[in-house]
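User: I'm new to this one. Can you walk me through some of its strands and helices?
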Amino acid sequence: MLEVFKFSSPSLSRSQRSQLKRIAKRIAKRIANSWRRQAPFHLELKKGNLDSQNEQRSRWGFSWVSAALNLALALTLLAGALPASAKNGVDGEYDVPTGAYPSPLFGAEPFTVPLLRMEEFGGNSLPVTECEDCERFPNPVNCRENVSGYDLDRFLAQRLSPMPRRSANTLDPNPWETLIEHCIRPMAQTAAEGRPPGEWYAHQRWADMYPEQYFQTATRGARKNLGLRDGDQMHGYKVGEFAEGGLYGKPNGVGPSTSGIEVRLHSNLPIQDPHALWTFDGTFPPKVLMARYGVPLLFRHYNGLPIDDSMNYGFGRHTLSTHEHNGHNPSESDGYTSAFFFPGQFFDYRWPMVLAGHDTINQDASDPRAATPDGNGGTIQIPGDWRETMSSHWFHDHMLDYTAQNVYKGGAAMMNYYSAVDRGNEQLDCHYADPEKNVNLCLPSGDALDWGNRDYDVNLEVADKAWDSSGQLFFNIFNRDGFLGDRMTVNWMYKPYLEVRARRYRFRILNASVSRYIKTAVLDEAGNRVPFHMVANDGNIMEHAVPFEGKDLPIQAIAERYDIIIDFSQFEPGSKIYFVNTAEHEDGRGPRDAPVPLKDILNGSYESRGHGNFDAGVGAFMEMRVVGYSGTDTSMDPKIYEPGRLKMIPLPGFTSEELAGARHRSFRFGRSSTSDTQPWTIQVDDELVGTGMSSDKISAAPDLGAVEIWHLETRGNWSHPIHIHFEEGQVLTRDGKEPELYERLARKDTFRLGSEQDSSRNISVALRFREFLGSYMEHCHNTQHEDHAMMLRFDAQQSDQVILIPTPVAEWDGVFYEESYLAGSAKTGDPNLPQPPPGVSEDQDEDGVADVADNCQLIPNGPLAFDWGGNSQLDTDGDGFGNLCDSDLNNDGFTNFSDFVGFVIAFYSQPGQPTWNPNADLNGDDLVNFGDFFSFVGGWMRPPGPSGLSQ
């Protein structure tokens, strides 16, 4: 259809072009409004049994809806309205909300409803035996309904059943099997668990990281909260600010319970339809998971959505995949996009809660900084690198082609990691009291609980939303550049207020939007900037607290998290403080290069421009009301952690040798004009053109233990927040320059590409891959780009791995596998960039440490099953090099004749004999013999260390 209209339009008059624009917008809005109202064409379109995503795409391609959409797009192109360069922001070009009219407020006013503090999922000890009389996951009454809320609560309140297994539970059938066969078709088989079967998606290291706790939930349509999780709250509505008389002790406005809370975005707005909004449990408040390092978790996620996928109010997919962003988790529990599961099924995600470096650093758990709260005022030390401690996470849907719709629809929850360093207790063994002894940073939180106090530690899920004329959540499925809502919400409430004590608070701010960037200013009532400190970037506490005085937060892309500390003690009770968004969008492609001047926001001149001429997402989105505080604030003062003073968590860093030996890869993110179904592409290494997501294509295959440098670039005038799963990265350069302090002192998992403020067109990131193998993803977190199809697969592999993990293909009657294949540069990196010489960046002993940094390349660091003589990495002379790579017996820095004489004297000796020399026992078998001689010769006339036997 678009081909018909491909001719130039400069000869049209301005009035003609304006008329065509109006016609195009009218067509697009009519299509959108028909979709919202569940018009007959939509129901008919969705009735068929869609056996695969490809079949669905092909059906869409031939619908009259698609033709009408193409007509609207063609008219818009003809009118010259689509190119970003043609939009000047003053003649009605602002498309906010995307493709729709302003969302009606039904009398709702800003800052008139309290912020919903997040509800804790809770957690229980994993049972050790099967439950003989536990109920099965309850059935809905028919194909078009959600599972009953009462039945669901009764089911979730019982203990976990069936017991989790290392590989997927495909022996038990889907408990909805009979109804599914009635609604869909007869099935040869079904499975209770939607995890792909067999060894490929079996839980890695199941025995040594066996889950100790579990929590379970079900995604379901919106419903009233019946108080299911009241007893799971750590505070129990009995202590701190959650007790009676505290600021947050009556979440439902009546008493210490969430019972009775409806799913609505403001008290004046309508209750959400169960098909319009889906959440964990189906309820508000939004959820937070309280997790501790060293306590492996099992997250059993049930799918309680309707079998009929047309019951979605026009957007969203009833199949799910859950990604814990950005946990150090094995690939089978990472939420791979094509490993999704169907209504009636569950998926067991096992999150080990281990520190990165678990296998190679602090293996004996001797470092007190690598530890977790024990619940009784002490800590339990754990293996791993304490510098890799993480804090503020979230988990969200990652369904293939539907991530944007499912997350926007409610498929997101926050997750707080607790550790000895970030304990959630601001009085116990504070670091600043004795930095050499205590490790607790005592970030603002509270002190009534041993760990996990949230009195002054507030999770904020910020997102723009839009709704239709009946007040129901609306999403424009036809837009592929990016969707913008016109109403800002925090924890799903439209412009709420929060009462805060006159003391320090920690705010964990998550941008949970689909396509909107935010840039937050903190202002008082007079419009003056309020000083604050950034203490964490993404999930990671930084090396130093970065002060922001007279400045705003850097622009925050989708999925980024910024933790900040604000001291409200500088304000009198009754004062009001505001979070204000200054990042402006004309459409969903990305923010404008510069934020809106604060004076224009504060004096009302910006909003007075009227709909179509401004971005309604700009402005104040949350109010904080200061109330008196009679206690003593013992939380850390971030000023003493500013640059040049104490450190919070030092950066792990990369050695110059590691960076010199790193493999380089390049990823160029851009727009393709050749594909309607996959307009967003990634060009990898030396590929001639960019391609869209193919689940079976492995674009990169980093070796376990390797350090790599990934170069990210945006093509064209587009903004892309790039998320790399699994490992945290460190920004080396932005456009060839050193990054700003708030990134230079941080590890990150989401990286901003673009021309807007605080971003850059090229970023170089250093990464290290450890502990787990398997399929992960890299993608744009403007989730409309991700879904169309700016995403790729990378597999963490053993250096000598030749067997590829196959690609799961999920269907109603089971998950099958297709063959995967390696892209040409998956193992080698970009041939146009400097690459390490063969073997330099390898990890021959597969111990997770690249050879260039290993103190011995040939034996592993750590007690593994194939230790040499049971003495892995034996270093008898204490010079830092394992004996196998250390022929320098007299420690003079070189292997020469004096060492040879010492070796001859010790030859064929054993412990206890006069000639015994442990330094000559290179292989640790308590005997100096020819096995040691060959190792000795390998190091002849060389210094000790990895080079000793590598030549």
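Analyst: We'll go through a few strands, then a helix pair. Keep in mind that this is a predicted model.

User: Start with E13. How many of the nine residues of strand E13 are buried?
Analyst: Nine of the nine. Strand E13 covers residues 457–465, and with that burial it is largely enclosed by the rest of the structure.

User: Which residues sit on each side of E13?
Analyst: One side has Asp457, Asn459, Glu461, Ala463 and Lys465. The other has Val458, Leu460, Val462 and Asp464. Both faces are covered.

User: What does E13 pair with?
Analyst: Strand E17, residues 504–511, runs parallel to E13 and is joined to it by six bridges. There, aspartate 457 stands opposite arginine 506. Strand E14, residues 487–490, runs antiparallel to E13, with four bridges. Lysine 465 faces arginine 487 in that pairing.

User: Now E3. How many of its nine residues are buried?
Analyst: Eight of the nine. Strand E3 spans residues 213–221 and is largely enclosed by the rest of the structure, because of that burial.

User: And which strands does E3 pair with?
Analyst: Strand E6, residues 297–303, pairs with E3 in the parallel sense over seven bridges. Glutamine 213 is opposite leucine 297 there. Strand E2, residues 124–125, is antiparallel to E3 over two bridges. Arginine 220 has threonine 279 as its bridge partner in E4.

User: New topic. What's the strand order in the sheet with E24?
Analyst: E25-E24-E27-E31-E29. Those five strands form an open sheet with mixed pairing. Strand E25 (680–684) and strand E29 (729–734) are the edges, each pairing on one side only. The twist averages 25° from one strand to the next.

User: How do E24 and E27 pair, parallel or antiparallel?
Analyst: Parallel, over seven bridges. E24 is residues 663–671 and E27 is residues 707–714.

User: Last one, helices. How do H12 and H13 pack?
Analyst: Helix H12 (residues 897–906) and helix H13 (residues 930–938) pack at about 180°, with axes 12 Å apart. That makes H12 roughly antiparallel to H13.

User: Which residues meet there?
Analyst: Asp899, Phe900 and Phe903 in H12 meet Asp932, Phe933 and Phe936 in H13. The contact has four nonpolar residues, two charged and no polar.

Terms used: Residues numbered from 1 in each chain as written. Predicted model: local features only at pLDDT ≥ 70, side-chain atom pairs only at ≥ 80, totals over all residues. Heavy atoms only, no water. Pairing = 2+ DSSP bridges. Axes fitted to C-alpha atoms, helices over the stretch in contact; angles between N-to-C directions. Parallel < 35°, antiparallel > 145°, perpendicular 65-115°, else oblique. Contact = heavy atoms within 4.5 Å. Nonpolar A, V, L, I, M, F, W, Y, C, P; charged D, E, K, R; others polar. Buried < 20%, exposed > 50% of the residue type's maximum accessible area, 1.4 Å probe, protein only.
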